[in-house]
Structure formats: structure tokens, C-alpha cells
Amino acid sequence: MGIGTMSTQHPTYVGATVGDSGVFKAIHEADVILAFGCKFSYVMAYGKSPVWNPDAQLIQVDIDPQMIGKNRPVTVGILGDVGVVLQQIYDCLKQRKTGKISLTTWMPSLLEARKQGIESMRGKTMSDRQPIAPQRVIHDLLDFMEPSDILCVDGGDTAVFTTSQIDHTKPRDPRTVLYPVGFGHLGVAIPYAIASKLAKPDRRVFFITGDGSYCLTSMSWIPLSGMRPRSWAWW
């Protein structure tokens, strides 16, 4: 959901999900973790080993007190709005006249891991096999979309295929990706897309869903569109 908050073109950007090779290496080796608005749910491997470094010190910032230390003990918990806390940190660094920090030898290794991870997926994302691989369909869609277009992603395998390469092509603007991260609900992409178009009529909206996800909610929105199907199929 935070895709686009940090540009994929930034020299310290290493990925968007724990499945990214650069991110996996970073969280496995980090000594200190500064987490902003992160629930450490299943999509973040609960912040625990063996994915995360169990000995790393965690500074967690969240507006919800129940989220702080919920799935992983914290070294320091900060209750507050992420935007406000980030601004306070920035102001403090500026007041101290902290200059740019030179990149360590660790950062290039993370960027190299990210590069290798992207290359390892090209066999599927650029495959010419028939019938077409779902990873290729999603890759071409992400490459076709403009950064300001809104993308709604359903749960299930399609979510895995999408999030694993969500930041491999074009950069995305903030608040342009809708995905049911919390519970991985199925059948939300089309309702998300309808609501997105109503909220942002001047923006192009795309959605990615699968057959199972489609069937879970299609009986709700198809009649609203005026369609009168002769029969219903469940699978």
C-alpha cells in the first residue's frame, strides 16, 4: 500500500516486499530497524526470524498503540502520526546540520541483490510461452500503466504474481495501489476499482483478479451493472 512513497529511482531503494532479494538481505542483516506504520503482519513475516534478524534493535512508529510491539518486541516505541514523526526527525537533523551520509559498502550489496532478484524472475516475466504465463501478463500491464494510474490487486496467487514485481518496471505515484494486505481477502479488486473510479473519475483504473476471486463477489456487482446472466457457475 506504500508503493510510490519512496521512488524506485532513489539510490537507496532496495525493494517493496520481504520477498524482494534486496529487502530480504537488508532485514536479515540489519542491526537497527526503523519501522514506520508497519503492522508486522504475515506479509512482513511477523518481523521474526529466520527472515528478520532476531538480534536487531527495533524502533517502531505507529499511530495505533496496539500495533507497537504486537508481533515483535520493540527497543523503542513511538506513538504518533508517521508524517509528523518524520517531519520532527527531519527538523532535528536539519537543526543539527547533519550532512549527507556517504553510502557504506553494505548498500551496494543490497542493490546488487535486488538486481539479481529481478534478473532471476525474467524467465517468467519475459516468457513467450503459450498459453501466456500470468507473470508475463502482469509484467506487460505494469509496464503499460502510467505512474498516476490506479491499480487494484485481488488476493490469491494473482497478488503474489503482482506484488513480486510491482516495482520492477515503471515508478508509481503514491496512493495508486490498492491491495487487501491485512487479511488477503478474495474478490475485492473489482469493487476497489469501481470505488476508485468514482473517487477519481479523471484517473485510469486497472484491476488484477483471478477466476476464484471473481466468483466470490461477481454476484453482487454484476446485477448492479444491469447485466442479467442466464445461469451462475461456482468453482
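In what order do the strands of the open sheet of three strands stand? The order is β1-β2-β3, with parallel pairing. The model shown is predicted, so that local features need pLDDT of at least 70 and side-chain atom pairs count only at pLDDT 80 or more, while totals for chains, interfaces and linings use all residues. Residues are numbered from 1 along each chain as its sequence is written, and side-chain values use heavy atoms, with hydrogens and water left out.

View 1. Helices (H or I, at least four residues) and strands (E, at least two) are DSSP runs numbered from the N terminus, and two strands pair if DSSP finds at least two bridges between them. The edge strands, each pairing on one side only, are β1 and β3 (76-79). Strand β2 (residues 57-62) pairs with β3 in the parallel sense over four bridges, and Gln 60 stands opposite Gly 77 in β3.

**View 2. The largest nonpolar core.** A nonpolar core is a set of buried Ala, Val, Leu, Ile, Met, Phe, Trp, Tyr and Cys residues joined through side-chain atoms within 4.5 Å, where buried means under 20% relative accessible area, exposed over 50%, and partly exposed in between (1.4 Å probe, protein chains only). Of the 16 residues in this core, Ile 27, Ile 33, Phe 40 and Trp 52 touch the most other members. At least two residues come from each of α1 (21-29), β1 (32-36) and α3, and α1 gives the most, with three residues. Leaving aside neighbours within four places in sequence, Phe 40 is in contact (heavy atoms within 4.5 Å) with Ala 35, Tyr 46, Gly 47, Trp 52, Leu 58, Gln 60 and Asn 71.

**View 3. Strand β4 and its partners β5 and β6.** In strand β4 (residues 150-153), Ile 150 and Cys 152 point one way and Leu 151 and Val 153 the other way, and all are buried. Four bridges pair β4 with strand β6 (residues 205-208) in the parallel sense, and the bridge partner of Cys 152 in β6 is Phe 207. Strand β5 (residues 177-178) runs parallel to β4 and is joined to it by two bridges, with Val 177 of β5 opposite Leu 151.

**View 4. A salt bridge between Asp 167 and Arg 114.** The structure holds seven salt bridges, each defined as a side-chain nitrogen of Lys or Arg within 4 Å of a carboxyl oxygen of Asp or Glu. The closest N and O atoms of Asp 167 and Arg 114 are 3.2 Å apart. This pair links distant parts of the chain, 53 residues apart, with Asp 167 in the loop between α5 and β5 and Arg 114 in helix α3 (residues 106-125). Both Asp 167 and Arg 114 are buried.

**View 5. The salt bridge of Lys 170 and Glu 146.** The side chains of Lys 170 and Glu 146 meet at 3.6 Å, N to O. Because Lys 170 lies in the loop between α5 and β5 and Glu 146 in the loop between α4 (134-144) and β4, the pair ties together parts that are 24 residues apart in sequence. Lys 170 counts as partly exposed at 25% relative accessibility, and Glu 146 is partly exposed with a relative accessible area of 39%.
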